[in-house]
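These are my notebook entries on one structure. I set down what I looked up, entry by entry.

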Amino acid sequence: MNQELLIVLALLFIAIVAFMINKPRMDVVAVCALLALPLTGSVTLDQALAGFSDSSVIIVAVFFIIGDGLVRTGVAFRVGDWLMKQSKNSETRLIVLLMLSVALLGSVMSSTGIVAIFIPIVLSVAAKMKADTRRLMMPLSFAGLISGMLTLVATAPNLVVSAQLELAGNKAFEFFSFTPIGLIILVVGIFYMLFARRFLGKKQEDIPQNRGKTRINFDDLASEYKLKGRNYRAQVGKGSPMIGKRLTELNLREAHGANIIAVERRLNRLRNVVLDGVPDRVIQENDVLLFDFFYPEKVDFFLQQFNLVSLPLMSSYFNEHSREIGMVEVAIHPDSKLIDKTVLENTFRSKFGLNVMGIKRQGEVLENELLNEKLKRGDILLVFGMWRAIRQLQTMKNDFVVLTIPAEVDEVAPAMDRAPYAIIALLVTIGLMISGIFPNVLIAIFGALLMGAFGCITMDSAYKSIHWQSIILIVGMFPFAVALQNTGGVDLAVKYLLEASGDASPRVILAMLFGFTAVIGLFISNTATAVLLAPIAIQTATVLEVSPYPFAMAVAIAASAAFMTPVSSPVNTLVVAPGKYSFADFIKIGVPFVIIVMLIAVTFIPLLFPL
């Protein structure tokens with residue numbers, strides 16, 4: 001083992017540890033690796049930057065845009081409506097249709113995105129059917145992961161492995177190369193979840209009837225988050241020191257623990273308006289303030305200090321202003337930039353126009369000072385504000401997943417009338433990819449341009465839809481694969497793999513490679529796993545003098561088989577809170593299924609791609 005390889009392995013170890021503890025963020029780690037590797041001399045500067053021009057990276061970015069077109073035109077939500085209608089109050093039928101729908105849509109768009117879209121849909125269907133969400137959320141996440149095994153463009157690891165095949169002088173995978181094995185896993189996965197659901201929650205008939213509300217209301221949320229006794233309504237009296245000042249000048253939250261939610265203002269004798277409590281809101285005499293107070297025992301002193309007249313706050317207040325004001329639960333996205341920062345540090349009200357009224361962590365409502373609580377992965381926030389701000393929140397898919405759908409849900413799909421054109425653009429793109437007439441990267445770009453020409457997306461929405469963290473992660477990890485090849489690391493890994501297998505058959509080596517990939521995927525992202533393991537798989541096939549396709553396919557399938565823990569994939573992390581799952585739930589259900597997927601892969605991959 002030479003000195004250059006030792007340095008590369010040391011950097012790789014540091015990167016893996018950083019991925020595991022998520023500090024700093026994965027994309028930052030990837031950029032640091034991209035910077036460090038050329039300095040070691042293991043790769044050239046051109047090799048380090050080659051990922052930015054790699055066709056697989058461009059295809060990943062473009063398909064984020066195409067997927068956004070399906071969301072903006074409401075195609076995904078119409079599938080949800082169809083799902084609700086067709087389930088006919090049958091949990092079994094719902095799970096089958098849910099997994100089929102998610103897998104189908106996830107095969108042409110981000111699995112994380114499609115799962116985020118379906119969470120509120122499943123919550124709504126579960127409430128109407130009186131079904132336990134624990135029996136539904138894990139099938140949702142498993143279907144999202146299986147969707148990555150259905151087509152070439154379904155997930156980044158598939159494209160990465162395909163690109164590595166081309167670099168090794170082989171023909172790349174075709175659009176439907178993954179479909180046969182993916183369909184087998186999907187069918188088995190559906191039957192598996194129908195059996196495994198009994199270990200997750202109660203049957204429909206065992207759930208108390210009073211849980212059958214079709215929609216949670218404001219009073220329910222207020223009770224759940226223990227808001228009663230914290231909300232107050234007061235009128236600004238004559239001579240109040242608040243008059244003429246902006247809320248940001250008053251510093252009410254930090255200095256007094258008062259969080260101004262809304263301002264009622266009388267325009268004339270016949271009309272009142274409700275204004276949001278944004279930092280620049282100037283307070284006027286006779287304004288009525290609705291505020292959340294963190295220290296109820298000090299409220300009388302607060303009212304006296306600012307010359308405020310206490311007014312009754314009826315439970316119907318929120319319903320009375322429900323056209324202007326909304327209250328919803330949102331889950332923090334696993335990759336959100338808000339994580340590890342407090343509500344104040346995130347300037348939540350300034351940035352999003354919403355107030356954080358409550359935080360739920362691992363099923364428990366936090367009762368301490370919320371504004372100074374650092375947000376964690378899987379946290380659920382209760383936010384309150386104007387509906388327009390909530391509607392805007394629903395477009396921020398990289399930071400939030402809205403768990404309760406506002407009545408004004410139409411705004412989520414601002415290009416609803418363009419839905420037929422979005423479907424046409426998608427079908428044209430897939431058809432051209434199947435034909436193989438042009439390179440896939442050109443076809444993908446053409447598909448995105450079609451979405452734009454048909455009005456399904458805008459330039460702003462296209463840029464926002466790209467998950468840049470994933471793109472930078474792929475680009476930053478590519479140099480590691482090149483460095484391992486240049487320094488002999490790949491050859492060394494192949495040597496150890498073959499020595500460990502002895503005289504075993506290629507199928508046994510295939511199983512070992514699958515297992516190794518799946519285990520590595522527990523600690524780092526599936527994309528990074530594919531970047532590192534694909535060259536080893538291809539080189540192993542070369543040494544054995546067999547086809548590289550079965551080994552490359554095994555790595556791709558194993559990279560997507562992130563079923564074992566809630567942190568193996570963002571797809572799993574998203575469903576932890578709404579499904580009320582523990583770490584043990586995923587181990588209990590996920591580990592056996594990974595073993596099943598490995599057996600399917602070892603059995604069928606050599607049949608579909610002969611050794």
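Does Thr347 count as buried, partly exposed or exposed, and at what relative accessibility? I found 37% relative accessibility, so Thr347 counts as partly exposed. The term buried means under 20% relative accessible area, exposed means over 50%, and partly exposed lies in between, with a 1.4 Å probe and protein chains only.

Entry on the model. I note that this is a predicted model, in which local features need pLDDT of at least 70 and side-chain atom pairs count only at pLDDT 80 or more, while totals for chains, interfaces and linings use all residues. Residues are numbered from 1 along each chain as its sequence is written, and side-chain values use heavy atoms, with hydrogens and water left out.

Entry on loops. I placed Thr347 in the loop between β6 and α16; helices (H or I, at least four residues) and strands (E, at least two) are DSSP runs, numbered from the N terminus. Thr347 is not a glycine, yet its phi is positive, at about 40°. I also looked up Thr342, which lies in the loop between β6 (325-332) and α16 (348-352). Thr342 counts as buried because its relative accessibility is 7%. Leaving aside neighbours within four places in sequence, I list Leu371, Asn372, Glu373 and Lys374 as the contacts of Thr342; contact means heavy atoms within 4.5 Å.

I then turned to Asn251, in the loop between α12 (247-250) and α13 (252-256). Its phi is near 55°, a positive value in a residue other than glycine. At 35% relative accessibility, Asn251 counts as partly exposed.

Entry on the sheet with β4. In what order do the 5 strands of this open sheet run? I read β3-β2-β4-β1-β5, with antiparallel pairing; two strands pair if DSSP finds at least two bridges between them. The edges are held by β3 (272-276) and β5 (308-311), each with a single partner strand, so one side of each has no neighbour in the sheet. From one strand to the next, the twist averages 30°; axes are lines fitted to C-alpha atoms, for helices over the stretch in contact, and angles run from 0 to 180 degrees between N-to-C directions. As background, I note that strands of a sheet pair through backbone hydrogen bonds, either parallel or antiparallel.

I followed the partners of β4. Strand β2 (residues 258-266) pairs with β4 (residues 288-293) over 6 bridges in the antiparallel sense. Within this pair, Val263 stands opposite Leu289, and Ile260 has Phe291 as its bridge partner. Strand β1 (residues 231-236) pairs with β4 over 5 bridges, also antiparallel; here Arg233 is partnered by Leu290.

I checked how β4 is covered and found 6 of its 6 residues buried. Val288, Leu290 and Asp292 point one way, and Leu289, Phe291 and Phe293 the other way.

Entry on the sheet with β7. A further open sheet of 5 strands has the order β8-β7-β9-β6-β10 and antiparallel pairing. Its edge strands, β8 (364-365) and β10 (400-402), each pair on one side only. Strand β7 (residues 354-361) pairs with β8 over 2 bridges in the antiparallel sense, and the bridge partner of Arg361 in β8 is Glu364.

Entry on helices. Helix α23 (residues 506-520) has 15 residues and spans 21 Å from first C-alpha to last, close to the 21 Å expected; the expected span is 1.5 Å times one less than the number of residues. Its buried residues are Ile509, Leu510, Leu513, Phe514, Thr517 and Ala518. I found them packed against α22 (489-501), α24 (526-544), α25 (548-560) and α27 (583-608).

Helix α24 holds Thr529, which counts as buried at 0% relative accessibility. Not counting residues up to four places away in sequence, Thr529 touches Thr517, Ile520, Gly521 and Ile524.

Where does α27 bend? I located a kink of about 30° at Gly590, shortly before Pro592; the bend at a residue is the angle between axes fitted to the seven residues ending there and the seven starting there. Helix α27 has 26 residues and reaches 35 Å, close to the 38 Å expected. Its buried residues, among them Phe586, Ile589, Gly590 and Phe593, pack against α8 (134-147), α10 (179-196), α23, α25 and α26 (570-579).
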